[in-house]
Amino acid sequence: MLVISGKNINKTYGTDIILDDVSFNVNKGDRAGIVGPNGAGKTTLLKIISGEIEQSSGNIYIKSGLTVGYLKQNNNFDLGGTVETEAQKTFDNLYKMEEDIRSLSVKISDHTSPSFDKDLEEYTALMDEFEKEGGYTYKSELRSVLENMGFGEDDLGKRTDKLSGGERTRLALSCILLQQPDIMILDEPTNHLDLKMLAWLENFLKSYKGTIIVVSHDRYFLDRIVTSIYDMNAGILEEYSGNYSDFVIRKAERLEAMHKEYEKQQKETARQEEMIRRFKQHGTEHLAKRAKSREKKLSHVNLLPKPITKQEKMKLSFDIDYKSGTEVVIADNMVKSFGERTLFRNVSCNIRKGERVCIIGDNGIGKTTLLKVITGKEKLDNGYLKIGYNVNFGYYDQGQRLLDDKETVLGEMKNAYHLYTDTEMRSLLGRFLFKGDDVFKLVGSLSGGEKAKLSLLKLMLSGSNTLVLDEPTNHLDIPSKEIVEEALLEFNGTLIIVSHDRYLLTKIPDRILELTEEGLVEYKGDFDYYLDKSKLEEERKDSVSSSENIGAGLSKTIEMVRSSEEEREVKKKLEAELRRKRRRSEDIESSIHELEGVIADIESSMCEIENLHRYEWLQEQADLMADYEEKVGRLYDEWMELQN
């Protein structure tokens, strides 16, 4: 069922064409990802779909009666509001119901009241509606979503005007997830989320029954969530089915086919023009007529534009001025606190020359502070830290606080590297797509992506043999991320990187260090290795926990087993049975979710005006729905048995 449609949408600002005849269709339940370089018009399209701005021409259609939730890159909250009060606005209708229920409860407590029967009937109906709308679960849902988005009990009363940019984004995302609109429009939802938040968000969206349109540069997220990709470039939109990995393959195949078709047409056009020239050269009346006829046919041919196979990209490479010693960082039992809060303790590691080490961990655990301690920008409270011989750190700050917002782009670079002439520096800036008058822009006016590129240029010129990078791919579009990754892979120095970019984490590290409250946990591999090993550890803990909570009868059975060998065998069987039940429960939950979605679709189609007079068809659909509901009932019964 079509829920959103755009036809020949154009958007211009003065002479700048942002969107050029964009057309698309989105059906109920679709999960559409929009990708493209920075400045391609992705956010503009989302604003038009959400109704925040109007298109210059063309038509946008959204099925009436559907609710739309829009996560912007910049979100505004009421002055004086708190994290909890902003999230609670999602459930204003339920708070109002609770007030009405309390009021009616007082009224019906007086059985002699002349309006008792009416009040009781209203009270019963309101209680039914309250339950149907989730009145008994919404408060726990609110706390659960906020907690999974990084807001603990201590954060609920925090004023929104005191939140950081990342916290504001996470709060806005929480509000939309709680709202659960029919259509969810998300602009860069994974920015500022740590790995646990990302995993939780992906699981939430997978079970979400509505329609999703998302702009994202997170390739890992797009692979796991979307079912189609819209590629936006130079204001033009092209659709590809599948996730991001499918899109990369199909786009390459499409460009190759377009290039072949273009070359074929060019050759045929050249052949026709040569024949026309030769016919004219002979000068006979017969051949002149044939030449004229061919010219006429050729003039009606729609010439294909030359496919753009390569986008202009920044040119990044890292070279070192001199090599470091074998040992780069040696740390033992490091402790860092701010006031009474201990950020991390027991941090020990040994990083050697040429290693590529990535550091991961929850938001607020102290990863950025750890990098600052290593590079000497923060002092240790306790512990041991030694930096090796000839180590020269190059530091990339994710907040771009090392840039002077009041300086021009050219001035910023000249201040750092004053031996370069203006011409040489402008040439280098051109490699990073700062062309013409762009070099005279104030740094403070640059976008996040432009600031990131400027910081990368400064890092490239540093000649450092050890690069310490804090979220180096944040704010970059996908082509720029890929360039950074390739440059890091080719770098022959040492890399110490903090990142939540799971694509980068699968390509770059030799090993991953996870920062926890109790120190660093080492995983000798990339992100896939980390996932496997951390999942095994989690399953081991779950298995131990489950075994400890087995019913009293099973515990007695184990106690009766005298042989230690037999005891281990019994435990194995019990753990295997628990895992079987867990897997079966998950399968049942998935089946119930699918069947309830089918039932909802049938109900929706039966209520459509054009189907109300199709009596035989309606009866068939009613019978089919009854069968599905019976299956759901059986599945719920089995699920309940498995929980015992």
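A word on the model itself is in order. The model is predicted, so local features need pLDDT of at least 70 and side-chain atom pairs count only at pLDDT 80 or more, while totals for chains, interfaces and linings use all residues. Residues are numbered from 1 along each chain as its sequence is written, and side-chain values use heavy atoms, with hydrogens and water left out.

The protein chain as a whole contains 20 helices and 18 strands, and its C-alpha trace spans about 110 × 80 × 60 Å along the principal axes. Of the 644 residues in the protein chain, 41% are buried, where buried means under 20% relative accessible area, exposed over 50%, and partly exposed in between (1.4 Å probe, protein chains only). Contact means heavy atoms within 4.5 Å; among contacts in the protein chain between residues at least 6 apart in sequence, 68% join residues at least 24 apart.

Gly33 has Val214 in β7 as its bridge partner. The buried residues of α1 are Lys42, Thr44, Leu45, Leu46, Ile48 and Ile49. After α1 comes Gly51, with a positive phi near 85 degrees.

Ser228 counts as buried because its relative accessibility is 8%. Leaving aside residues up to four places away in sequence, Ser228 touches Arg31, Ala32, Gly33, Glu239, Tyr240, Ser241 and Gly242.

A helix pair comes next. The axes of helix α3 (residues 92-108) and helix α4 (residues 116-132) come within 9 Å and cross at roughly 150 degrees. That angle makes α3 roughly antiparallel to α4; angles under 35 degrees count as roughly parallel, over 145 as roughly antiparallel, 65 to 115 as roughly perpendicular and the rest as oblique. The crossing of α3 and α4 is left-handed, meaning that the near helix is turned anticlockwise from the far one by less than a right angle, whereas clockwise would be right-handed. Residues of α3 that meet α4 include Leu94, Met97, Ile101 and Leu104, and those met in α4 include Phe116, Leu120, Tyr123 and Leu126.

A further open sheet has three strands in the order β11-β10-β13, with antiparallel pairing. β11 (341-352) and β13 (382-387) stand at the edges with a single partner strand each, so one side of each is left without a neighbour in the sheet. Neighbouring strands of this sheet are turned by 15 degrees against each other on average, direction ignored. Strand β10 (residues 327-338) and β11 run antiparallel and are joined by eight bridges, and the bridge partner of Ile330 in β11 is Asn350.

Finally, strand β15 (residues 466-470) is mostly covered, with five of its five residues buried. In a regular strand the side chains alternate between the two faces of the sheet. Both faces of β15 are covered: Thr466, Val468 and Asp470 are buried on one side, and Leu467 and Leu469 on the other. Strand β14 (residues 393-396) pairs with β15 in the parallel sense over four bridges, and Tyr395 has Val468 in β15 as its bridge partner. β15 also pairs in the parallel sense with strand β16 (residues 494-498), over five bridges, and Leu469 stands opposite Ile497 in β16. Together, β15, helix α15 (residues 478-490) and β16 make a right-handed β-α-β unit; a crossover is right-handed if, with the strands pointing away from the viewer, the path from the first strand over the helix to the second runs clockwise.

Terms used
Helix = DSSP H or I, 4+ residues; strand = E, 2+ residues; numbered from the N terminus. Pairing = 2+ DSSP bridges. Axes fitted to C-alpha atoms, helices over the stretch in contact; angles between N-to-C directions.
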